[in-house]
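Student: Could we go through how two chains meet in a model? I would like to work by question and answer.

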Amino acid sequence: MSDPQKFSPEDRLGGRGNGLRQYWPVLLVPVIGVIGWFGSQPVTITLLYGATWATYAVGYDMFSGFSGRVNLGYAMFPATAAYVTAVLSARLKIAPALSIPAGIAAALLLAVVVGALTLRITGIYFALSTSIIPLALFQLTHVFGKFLGGEEGIWGVPPIFTDPRLDLVVVLLILGASMCFALWYVRSKAGLVLRAIQGGELTAQALGLNTFRFLFVSLLASAVIGATAGAYLAHFQMLVAPEILHIITTLQIITFAQIGGPGTIVGPVLGSFLLVNLNEYLRAWTDLRLFVYFATLVLLLRFSPNGVLVPIARAVRRLVQRSGPPSGPERS
Amino acid sequence: MQTFLTILVFGLATSGIYALMAVGVALIYGVGRVINFAHGAFYTLGAYLAYFYATAFGMNWWVASLLAMLSVGFLAAVFDRLLIEPLREQEILVWIMTFAFAFAIRELIVLLFGARPYSIPAFAPGSVSVLGQAIAAQRLLVVAVSGLAIGSLWIFLSSARLGKALRAVALNRTGAHLVGIPVRMAHATVMAISAGLAALAGIIISPINVLTPDMGLEPLLMSFTIVILGGIGSLRGSLVAALLVGYAGALVSFLWSPQLVTFMALVMVFGVLIFRPSGLFGLAVERA
């Protein structure tokens, strides 16, 4: 599990408190919106995918980053929502206004089943058992290839807007709302309990906390966040490909969260935009691109294992503290 | 009778390949506490390197295969020492590292060989008649080689001095360190041996399948399945589970469709994880 002692307490989102100050990172969202709105089409599209991945990363982080339970099958939530809305709207011609909520509801239902079955298992066994579910769903999309598209996926999902800039606005609204919710949630009592579970689940239980209940609710919330972004993804890219169910999708989300700094909500968002953009700008390298991408990842992990956000934040704070007059505590 | 014989040999060959992979995954986890997502990459790399040595330098296939196994083993040891060791205490980072490394290797293969599939001539051409049923000689070779390799690994772990040292590390890292076993060397050694076995599996199966950059994905998935079924860290459990999964797979693909094999294996594993998280054979790290 990620080692809580590697972070000093003020690096993580610590303590409780619901002042407005804690929401300032959400200001990042309108900034990205402006860049995407006035940027060229490729920039808009890249940010569109970046925002989708960032929303997944927020959902992943608010459960796994705080409770320490690695959900190695997180992709099942966005994927289920995407598949359900795609089948309903492309195959059965149901309006997206109905099919998207249906997709989210399906992912929520899956989360209820998965949570009830797996949350009592701990450590590596939890990670492995969650990782299996999307793989099994992947096989199902092939077994029922006629209906679920098999290898090709489902094409012809109706778009909501024709202008990708409007899609970007919607996805950024989803991202902003998810960030606000997650930032509020992890500072609430539930967030404290999740961190207590990471510190030691038995101790938390000994304090009389129903840890299962908190994990369960948190898993459902994280599923809804990912599902909303996943359902919308199906509509703006007008197709669902089975690759979304691959373990690689989840590992990529974990990578984004880890590079940004897990357990911070903001870090995973920055990590997603950073890596999605890096991947895009490497396109000029054609054949070398993916190799350079993964080699960079290996080196980042080796030399900055706690992500890039946390060390940078630490350095900035040190600079500020050195130059400015001593002020009160950093966080309220 | 003939169908029975075919299923017997097919199942045994598939089980052999799975076992070669799964034993490595189990060893790396048992000794080094690493969930190695790069194991499929070692399998793929081994097959490509053997092909490369044989065609570029005109080597004999057997020499090329041996050399490929050694190269992959060496690379794995370096990987373990330089990239895994500094992160070993942080489990999630190790997962991401093995995953990123696996993809770096995959992309390197695409860069060097291209994404197109290669077909490889059989090392053992022709077919052998067993009780009136013609069976491809290569498949029998797979059975023989994997059986031999796993047998020698077993003897190595149970009687050789080094093998015992490795088991001691799996049993208790601190204790092993106290009696003077170089624990870091043990981690690297296990990674090298396991990667070599994965390379061997990739090499001997490549004439039956074809070489593609993604050929390692399916055996990686199956070996994880097997290791979970058999109980993480138990070699004996992994071997039994490999036979179980290999034969279940052969039966299902003969009777219904090959597409169902993975799905059934995954459902099986999920059930085991829910109801008996430590696997069918319990946790038996200490036993070889």
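Student: How many residue pairs are in polar contact between chain B and chain A?

Tutor: This is a predicted model, where local features need pLDDT of at least 70, side-chain atom pairs count only at pLDDT 80 or more, and totals for chains, interfaces and linings use all residues. Residues are numbered from 1 along each chain as written, chains are lettered from A in written order, and side-chain values use heavy atoms, without hydrogens and water. A polar contact is a pair of N or O atoms within 3.5 Å; within protein, one must be able to donate a hydrogen and the other to accept it, and residues adjacent in sequence count only if both atoms are side-chain atoms. With both residues at pLDDT 80 or more, the count between chain B and chain A is one.

Student: Which helix of chain B gives the largest share of the side that touches chain A?

Tutor: Helices here are DSSP runs of H or I with at least four residues, numbered from the N terminus. Helix 3 (61-84), helix 4 (91-113), helix 9 (217-230) and helix 11 (259-275) of chain B each supply at least two residues of that side. The largest share, 14 residues, comes from helix 4 of chain B.

Student: And how many residues of chain A are in contact with chain B?

Tutor: Happy to say! Contact means heavy atoms within 4.5 Å. On the chain B side, 38 residues take part. Their partners in chain A number 41 residues.
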